[in-house]
Amino acid sequence: MRKWGLLAAALGLTLAACGGSTTTTADGGGDDTAPAAGGSRLDVVKDRGQLICGVDGGIPGFSFVDESGTYSGLDVDVCKAVAAAVLGDAEAVEYRRLDSTERFTALSGGEVDMLSRNTTWTISRDSSVGLEFAPTTFFDGQGMMVKTASGITSLEDFAGKAICVETGTTTELNLTDQMRQLGVDFEPVVFQDADAAYAAYAEGRCEGMTSDKSQLVARRSTLPNPEENILLEVTMSKEPLGPVTVNNDSTWFDVVKWTTFGLMQAEEFGITSENVATFEGTENPDIARFLGAEGTLGTDMGLPNDFMVQVITQVGNYGEIFERNLGADSQFELERGQNALWTEGGLMYSPPFR
Amino acid sequence: MTSVTPDSFSSAPPDVVALGPVPWAKKNLFSDWFNSLLTLVIAGIFSWGMIRLVSWALTTAQWEVIPNNFGLFMTGTFPINLYPRIWALLAIVCGLAGLSWGVLGRNLSTLFSRNVLIGFGVACAFMVLFPPTRPSSLILLPIVALVAGTAAAGRQIGRKFPGVGKWISLAWFLSYFVALWLIGGGLGLTKVSTNDWGGLLLTLFTAVSGIALCFPLGLLLALGRRSALPIVRGLSTLYIEIVRGVPLVAVLFMGQVMIPLFLPLGSRPDRILRAIIALALFSAAYLAENVRAGLQAVPRGQQEAAMSLGLNTPTTLGLIILPQALKIAIPAIVGQFISLFQDTTLLSIVGLAELLGIGKSILANPSYLGRYAEVYLFLAVIYWFFCYAMSLGSRKIEEKLNTDN
């Protein structure tokens, strides 16, 4: 009987010990994951001194763990920008890996402060799921990859040719819709699994391979001769990806929204992490307001007035983030395309900071 | 009583005639034309596969993804400056393992047999030559020495104090909490958020915790299902049948997604704790059925004999029934433990960075895109190592407990 007592004690102790570790999550005591009654998530984040950001953790270019054990990628840099704006420290982020099924419950349950996790902005998610979508940080869309040698330059050239596609996805439906609209008679080669589809494309079973552009670009670098493949200038579906916060918390949503806009505005102003110091004492009233030297744009939102200086110094502007993770400075060498500034024919457009 | 000559009525098995390699092959592989053909075909297929694999591993494969991310595979995003704590933990576990080995093997004539010495030699050579472990070999080699040292010491202690086994069990029990303290911090050490626990460390931690929790629970459920009390029996049966009718992924998702919805905001248990509880509750149902099989295999006469000796129900169970039942059920129980260990891979799809999850993250690193085969092969070897160690351990226990001839 003594043994049973010991066993019971062991069970209790284990549970107590594990339970004890629950409160150490993120903050070291206190259940501050819950928003204070009537207060904003902004105050919770400030009190905690750390931002909890939901990421995927396994998407090339968007969020992954590098050799030194730190999170990197475009999604991760958005988290860092918000942390720099609110707390003045881009490293004060705890990354929570979230699966696509649990991301929304984790957000609405208050487990994470924001999502930056390849989430497509749709009307149903915005309205019935109860989310707020901050400005799009990456305009993705279904693209088409072909071999340079094939000489294919547009979808019309696919008449009588084979295209590899994953079965059961919206990708397949978009492709057939698009091709029927164009009246092109092509041969779809469907695969259950993405790995098999790309392998078949590499072997030359089909002339084209279709999927989301960011995926195609990531996969292209794993092909035997990446430089012999190009992405056509065609987009078959809209996939605007951006950070997300929970409904009914305007104060916090504004912070995330305007930090994201600030990244684009900084690029428009030509302010980068390298030259931001030279803008100190600038004559340009727009830039002076933007950087908090004049006016009260930051303090009105409950942030330090120079929050954009912190963001740009520690993370950089949108162009820098893009080039570092997906563009010329990365393996992917993705063109800016739709993700260029509106002044350069893209869709990145920030409302005025005034 | 007549004495019989041991020669004529010996119960010892007949002497095994040792065959040389050529006669052995002739007897077992090439006994007739059909077997010879079969041998050649299978040997051909096997060696073709091995040659392909080896040539891939030596020429096509790019192994630098393993050494460059070795720390990540082992501990996930655990802060690098706190690695000494993990080393201390490894030293404690290895020391205890050596001590236990020494005490258990106190009656063996030689503790360090030829096979064991070869094993040690291979381990040391591996640590010195293999790239991922080379920078750490300064720490790993003393740990191997520690295992050997504590084993030798344990043997001496075990011979002097035969009752030391109990204390070793207690030490293992306490080491779990020391491990929790070393990993998680607190009480004077820097705290490490459970969010940063990962890799093999998290896999082993969840598996060990899950096993430790599911065993007593499964035992109680098995006894409950055979109880004479109708409500206890009914509830145990209901629990077992409900849990066995639900896939583990569903239980894990329920723990990660639904539990937080039921609880008030802010009072959400840690994700790792939720995962451990889900794993333990799930495995307990299967374990209960394994134990029940063992209980049913114990002849009814055992219980009747115990009762006629005047033992009450708890002592009958604890001293007569359970020792026999658990001995019978060991292979099935260890099988359940092994599958629990492998089930921890499912935690990667609920967003925990255990061994498989951190592997996915590393594969998303642009520098290592497309290194699937290398990473997954490496992970498979790690899982195989631990599962094989468990099954080897269970075989040793079976041998030790085998009392009938």
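## A strand covered on both faces

In this predicted model, both faces of β1(A) are covered: L51(A), C53(A) and V55(A) are buried on one side, and I52(A) and G54(A) on the other. A residue is called buried if 20 or more other C-beta atoms, placed from the backbone, lie within 10 Å of its own; it is exposed if 12 or fewer do, and partly exposed in between. In a regular strand the side chains alternate between the two faces of the sheet. Strand β1 of chain A spans residues 51-55, and five of its five residues are buried. Helices (H or I, at least four residues) and strands (E, at least two) are DSSP runs, numbered from the N terminus.

Strand β1(A) runs parallel to β4 (residues 93-97) of chain A, joined by five bridges, and C53(A) faces Y95(A) there. Two bridges also pair β1(A) in the parallel sense with β5 (residues 114-115) of chain A, where M114(A) is the bridge partner of C53(A). Pairing requires that DSSP find at least two bridges between two strands.

## A five-strand open sheet

An open, mixed sheet of chain A contains five strands in the order β10-β9-β11-β8-β12. Its edge strands, each pairing on one side only, are β10 (187-191) and β12 (229-231) of chain A. From one strand to the next, the twist averages 30 degrees. Strand β9 (residues 162-166) of chain A runs parallel to β10(A) over five bridges, and V165(A) has V190(A) as its bridge partner in β10(A).

Helix α6 (residues 170-182) of chain A packs on this sheet, touching β8, β9, β10 and β11 of chain A, at about 150 degrees to β9(A). Helix α8 (residues 213-220) of chain A lies across β8, β11 and β12 of chain A, at about 125 degrees to β11(A). Axes are lines fitted to C-alpha atoms, for helices over the stretch in contact, and angles run from 0 to 180 degrees between N-to-C directions. Contact means C-beta atoms, placed from the backbone, within 7 Å.

## A mostly covered helix

Six of the eight residues of helix α12 (residues 307-314) of chain A are buried, among them F307(A) and I312(A). Their cover includes α3, α9, α10 and α11 of chain A. After α12(A) comes G316(A), with a positive phi near 105 degrees.

## Conventions

Residues are numbered from 1 along each chain as its sequence is written, while chains are lettered from A and ligands numbered from 1 in the order in which they are written. As this is a predicted model, local features need pLDDT of at least 70 and side-chain atom pairs count only at pLDDT 80 or more, whereas totals for chains, interfaces and linings use all residues.

Key: Two residues are in contact if their C-beta atoms, placed from the backbone, lie within 7 Å.
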